Amino acid sequence: MSYNQSPVKHNLELSQERSNLVVHNAMEDLVVMKINSMVEKFNCCMCEKCINDMAAIVLNHVPCKYIVAPREQIEFLTSNFVKNPDVDIDNEVIRAIMTVKTYPRH
């Protein structure tokens, strides 16, 4: 901040810079991708409600992977995480699919 710049203006500029930043859980994208690739093998309902239930079950059992970045970079950063995840979630996805298949909420 320059000597003649108002603190109020400086804070406004900072908040405008921050407003472009978003917090995103990259694990959500990985979980949904895994569910979509595996669910057909289990002859399970693939309606939106069941897919969301499966995702919620898995996400409650895996670590979060938050990314803070400008909105326009989130997709790129998330795709890198999805290509090279540092966790194996297949067992959690299978467990969630079987749970929803056995106890669908519709």
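Predicted model: local features only at pLDDT ≥ 70, side-chain atom pairs only at ≥ 80, totals over all residues.
Hello everyone, and thanks for coming. Residues are numbered from 1 along each chain as its sequence is written, and side-chain values use heavy atoms, with hydrogens and water left out.

Let's begin inside. In soluble globular proteins, nonpolar side chains tend to be buried together. Here, the largest nonpolar core has 26 residues. By nonpolar core I mean a set of buried Ala, Val, Leu, Ile, Met, Phe, Trp, Tyr and Cys residues joined through side-chain atoms within 4.5 Å. Buried means under 20% relative accessible area, exposed means over 50%, and partly exposed is in between, with a 1.4 Å probe and protein chains only.

Which residues have the most contacts inside this core? They are Ile 35 and Met 54. The elements that give the core two or more residues are H2, H3, E2, helix H4 (71–83) and helix H5 (90–102). Those labels are DSSP runs numbered from the N terminus: helices are H or I with at least four residues, and strands are E with at least two.

Setting aside neighbours within four places in sequence, Ile 35 is in contact with Ile 51, Met 54, Ala 55 and Val 93, where contact means heavy atoms within 4.5 Å. Take Ala 55 from that list. Ala 55 sits in helix H3, and its relative accessibility is 8%, so it counts as buried. Again leaving out neighbours within four places, Ala 55 is in contact with Val 31 and Ile 35. The C-alpha atoms of Ala 55 and Lys 34 are separated by 9.5 Å, although the two residues are 21 apart along the chain.

Side chains of opposite charge can pair when their charged atoms come close. How many salt bridges does the count come to? Three, with a salt bridge being a side-chain nitrogen of Lys or Arg within 4 Å of a carboxyl oxygen of Asp or Glu.

One of them joins the side chains of Lys 34 and Asp 90, at 2.9 Å from N to O. This pair links distant parts of the chain, with Lys 34 in helix H2 and Asp 90 in helix H5, 56 residues apart. Lys 34 is partly exposed at 21% relative accessible area, and Asp 90 is partly exposed at 24%.

Another pairs Asp 53 with Arg 105, also 2.9 Å from N to O. Asp 53 belongs to helix H3 and Arg 105 to the segment after H5, so this pair too links distant parts of the chain, 52 residues apart. Is Asp 53 buried or exposed? Asp 53 is buried, at 13% relative accessibility, whereas Arg 105 is exposed, at 56%.

Then there is Glu 92 with Arg 95, at 3.1 Å from N to O. Both lie in helix H5, three residues apart, which is about one turn of the helix. Glu 92 is partly exposed at 22%, and Arg 95 is partly exposed at 36%.

Next, the cysteines. A disulfide is a covalent bond between the sulfur atoms of two cysteines.

Asn 43 counts as exposed, at 68% relative accessibility.

Finally, the surface. Leu 21, Val 23, Tyr 66 and Val 68 make a nonpolar patch of about 430 Å². Strand E1 (21–25) and strand E2 (66–70) each give two or more residues to the patch. Patches use residues with over 30% relative accessible area and no salt bridge, joining like charges within 9 Å and nonpolar side chains (Val, Leu, Ile, Met, Phe, Trp, Tyr) within 5 Å. The areas come from the Shrake-Rupley method with a 1.4 Å probe, and for residues only the protein chains shown count as cover. Val 68, in strand E2, is exposed at 57% relative accessibility.

That's my tour, thank you!
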